[in-house]
Structures are given as structure tokens and as C-alpha cells.
Amino acid sequence: MTPADVLRRIESVSALVVGDVCLDRWCVYDPDLTEPSRETGLPRTAVVRTETTAGAAGTVANNLAALGARRVSVLGFGGDDGHGLELRRALERARVSTEHLIATETPTFTYTKLLNAKTGAEDLGRVDFLPASALPAELERMLANRLRETAAGFDAILVSDQAETETEGTITASIRRVLEEIAQRHPDKVIWVDSRMRSEKFRRVIVKPNEREASEACRRIGLTDFRALRDVISHPLMMVTHADRGALVLDGEREVWAPALRVPNPVDICGAGDSFSAGAALALAAGASALESARMGNLVASVTIRKKGTGTASPDEVLGADRDDC
Ligand SMILES: Nc1ncnc2c1ncn2[C@@H]1O[C@H](COP(=O)(O)OP(=O)(O)OP(=O)(O)O)[C@@H](O)[C@H]1O
Ligand SMILES: [Mg+2]
């Protein structure tokens with residue numbers, strides 16, 4: 001199947017993204033308007049313009065929608081607060097449904113990035129809004145139930161497990177169990193997992209770590225090679241991305257490389273993994289082979305790393321990248 005065939009078929013694929021969703025607030029401040037506050041004497045930061053985008057699981061969802069998937073929805077939580085409202089609007093602008101974004105008292109994960117209007121540089125510390133504790137039990141139950149109820153209606157489920165702390169984020173042990181149940185009940189459904197710190201804890205799903213994450217997962221459970229990790233996870237397919245080297249595809253008995261495209265001066269490689277996941281998981285759900293899907297992942301990532309921020313790729317841009325590479 002050529003990339004053009006895959007992109008045509010993607011138009012009929014529906015996808016659910018489950019996981020940690022956050023709001024990125026890009027705040028442009030004018031350094032000329034910095035003056036001491038009358039109350040505290042401390043210099044203020046004068047924000048004159050704000051743009052909002054959905055991050056983490058939201059970045060994956062934005063990428064799926066930009067590639068033309070028929071329906072994209074996010075399952076996670078957002079605070080019942082102003083940032084939650086901005087998050088919903090940002091997702092809906094990108095054609096991502098928020099019907100499964102559960103509103104909670106837990107504040108919305110929010111990253112505030114301060115960009116200097118004169119230079120465009122992010123030269124002040126971020127102001128972040130982080131939940132103070134682990135996922136409340138009641139919220140975890142709601143998320144697990146919603147996942148059970150909705151999974152059957154989607155061709156692909158993409159899991160974004162971004163929490164880099166010992167306490168898990170949205171993807172807890174009970175959510176992992178529900179994913180395993182879904183995998184057993186629907187063996188043909190593409191369930192694709194990107195987990196920064198817990199790849200080895202998933203079962204019967206396709207895991208996509210990068211090289212470092214895969215090595216660390218192996219080390220945590222005393223394994224020495226990726227194939228053994230894939231066998232513990234108990235799914236025939238695993239893809240390990242290797243930045244500018246592309247992706248190593250472990251598919252049954254085969255181990256093959258899908259080489260990355262040559263991008264001499266990438267502008268921003270942040271989110272490359274999310275773009276790869278979106279392209280490859282949609283391609284698999286569209287019926288492409290493992291290698292064709294990894295190629296689609298590489299193509300999508302090669303477009304987004306040429307853009308500032310966590311960009312997305314349209315079908316035309318993907319086809320353009322494919323033509324340039326041939
Ligand atoms: N410098 C590069 N040149 C070409 N392609 C790249 C480059 N960096 C990343 N990619 C593409 O992006 C894919 C994912 O990259 P990588 O292995 O760095 O993911 P990651 O570490 O999960 O990224 P993230 O920072 O989003 O978590 C690669 O398989 C490749 O297709
Ligand atoms: Mg990654």
C-alpha cells in the first residue's frame with residue numbers, strides 16, 4: 001500500500017486517545033512594559049497575547065485529526081475551571097471531540113510558556129499548574145468505565161501515558177487492565193501505547209517506546225533485549241523509534257528498520273514521537289502492514305519536526321514529504 005492509499009483509507013478510521021491531557025498556554029510578553037508592581041515592588045511580566053493548544057494526549061489527537069481521521073475523541077480529564085474551558089476550545093478548534101473529557105475538581109494540567117515579544121525566545125521560567133496528588137479513586141473508576149463503554153466504537157485506541165513521576169497519571173493499573181480486556185475482546189483493534197516510564201507494565205497492546213524508554217523498561221525488569229520486552233508485553237508487534245535513525249519494527253519473527261527521512265535542520269523535534277504514533281497507528285487501523293505503517297509514522301514526523309512547537313501534518317504535506325524522499 002502506498003502512502004497515498006493509506007491516507008485515503010485513513011479517512012474512514014476513527015480513533016480514541018486516552019491519557020494525560022494538558023493545556024499549553026503560549027503567552028507573549030512585552031519586555032518594554034515590565035515595571036515594578038506598586039504593591040510588591042517586584043517587576044511584572046506584561047502578557048499581551050496568548051495562544052492555547054492542547055498538549056500531551058492532546059498533541060496526539062491534534063495529529064490524528066490533521067491527518068484526516070474520520071472521528072477523533074479524547075478520553076481523560078480536565079478541570080472544571082477556566083483552563084479546562086480553554087482546553088476544550090483548543091481541542092474543538094482542531095476538530096477533536098471533547099465528549100469524553102471528564103470535568104473534575106482536579107485542576108487542568110496547564111503549562112504557561114512565556115515568550116519574549118522582541119526575540120520570540122522563551123526566556124522566563126514556565127508557570128505550571130499541576131495536580132497536587134494522585135488520581136482520585138472515583139475519577140479513576142469513571143475513566144475506566146468510560147473506556148469500557150466507548151472502546152468498541154473506535155477502530156484505534158492510542159494511549160498517552162506521559163506522567164514521569166512514581167505516582168501514575170491518568171493511566172493507572174486499573175486502566176491498563178481495562179486496555180488488556182479490550183485487547184482480548186477485540187483482537188483486531190489497534191491499541192497503541194506510548195508510555196514514558198511504564199512500557200513493561202502493559203499487556204497485549206502495541207507499545208512504542210523510543211530507544212531510551214525501551215532500554216530503561218528492559219533494565220527495570222531485568223531484560224537485555226527489546227524482543228524479550230515485546231514477548232513480556234505479549235503482542236507480536238512493537239515499534240521502537242530511534243529519532244533520526246527511524247524506527248525498529250519487531251513484527252513476529254522479523255526485525256526490520258523503517259529508516260527516517262533526511263531532515264537536515266529540524267526546527268523542533270519536540271512531539272516527534274506523538275506524530276509518529278498518530279501516523280503509524282492510523283495506518284495500521286487502515287489495514288497497512290507494520291512496515292508501511294512505520295513508514296507513515298516517519299513521514300508524518302518528518303513534516304512536524306520542520307515546524308515550531310508541536311505541529312501537525314496534513315495529508316498533502318505527508319505526500320509532499322514522500323515525493324521529496326523518492
Ligand atoms: N532528526 C530527525 N530527522 C528525521 N526524523 C526524525 C528526527 N528526529 C525524530 N524523527 C522522527 O520522529 C520519530 C520519533 O522520534 P523519537 O525516537 O525521537 O521519538 P520520541 O523520543 O518519542 O519523541 P518525543 O520527544 O515526541 O517523545 C522517529 O522515528 C523519526 O521518524
Ligand atoms: Mg516520546
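This is a predicted model: local features need pLDDT of at least 70, side-chain atom pairs count only at pLDDT 80 or more; totals for chains, interfaces and linings use all residues.
An open sheet is built from 4 strands in the order β3-β2-β6-β7. The pairing is mixed. Strands β3 (47-56) and β7 (127-129) stand at the edges. Each has a single partner strand, so one side of each lacks a neighbour in the sheet. On average, neighbouring strands are turned by 20 degrees against each other, direction ignored. Strands β6 and β7 run antiparallel and are joined by 3 bridges. Tyr-111 has Asp-128 of β7 as its bridge partner.

Two helices are described against this sheet. Helix α2 (residues 57-66) packs on the sheet and touches β2 (21-29) and β3. The direction of α2 makes about 85 degrees with that of β3. Helix α3 (residues 82-93) lies across β2, β3, β6 and β7. Its direction is at about 95 degrees to β2.

The phi of Ala-56 is near 55 degrees, a positive value in a residue other than glycine. Ala-56 has a relative accessible area of 16% and therefore counts as buried, the cut-off being under 20%. A positive phi, about 70 degrees, is also found at Ser-234, again not a glycine. Ser-234 lies in the loop between α7 (226-233) and β11 (237-241). With a relative accessible area of 42%, Ser-234 is partly exposed. Most residues other than glycine have a negative phi.

Helix α5 (residues 173-185) was checked for its span. Its 13 residues should span 18 Å at 1.5 Å a residue. The end C-alpha atoms are 19 Å apart, which agrees. The buried residues of α5 are Ser-174, Ile-175, Arg-176, Val-178, Leu-179, Ile-182 and Ala-183. Residues three or four places apart in an α-helix point the same way, because there are 3.6 residues a turn. The cover over the buried residues of α5 includes α4 (137-150), β8 (156-161) and β9 (190-195). Arg-176 of this buried set lies over the face of Phe-202, at 5.8 Å from the ring centre.

Across the whole structure, the search finds 2 aromatic pairs. Phe-77 and Phe-109 form a tilted pair, 6.5 Å centre to centre, with 40 degrees between the planes. This pair links distant parts of the chain, 32 residues apart. Phe-77 is in strand β4 (residues 71-79), while Phe-109 is in the loop between β5 (101-104) and β6 (110-116). Phe-77 is buried at a relative accessible area of 6%. Phe-109 counts as buried at 18%. In the pair of Trp-192 and Phe-276, the ring centres are 6.5 Å apart and the planes at 40 degrees, so this pair is tilted. Trp-192 lies in strand β9 and Phe-276 in helix α8 (residues 272-285), so the pair ties together parts 84 residues apart in sequence. Both Trp-192 and Phe-276 are buried.

Thr-304 is placed in helix α9 (residues 290-304). Its relative accessibility is 3%, so Thr-304 counts as buried. Beyond its neighbours within four places in sequence, Thr-304 is in contact with Asn-63, Asp-268, Ser-275, Gly-311, Thr-312 and Ala-313.

Terms used:
Residues are numbered from 1 along each chain as its sequence is written. Chains are lettered from A and ligands numbered from 1 in the order in which they are written. Side-chain values use heavy atoms; hydrogens and water are left out. Buried means under 20% relative accessible area, exposed over 50%, partly exposed in between (1.4 Å probe, protein chains only). Contact means heavy atoms within 4.5 Å. The expected span of a helix is 1.5 Å times one less than its number of residues. Rings of Phe, Tyr and Trp (its six-membered ring) pair if their centres lie within 6.5 Å; planes under 30 degrees apart count as stacked, over 60 as edge-to-face and the rest as tilted. A charge sits over a ring if NZ of Lys or CZ of Arg is within 6 Å of the ring centre and within 35 degrees of the ring normal. Two strands pair if DSSP finds at least two bridges between them. Axes are lines fitted to C-alpha atoms, for helices over the stretch in contact, and angles run from 0 to 180 degrees between N-to-C directions.
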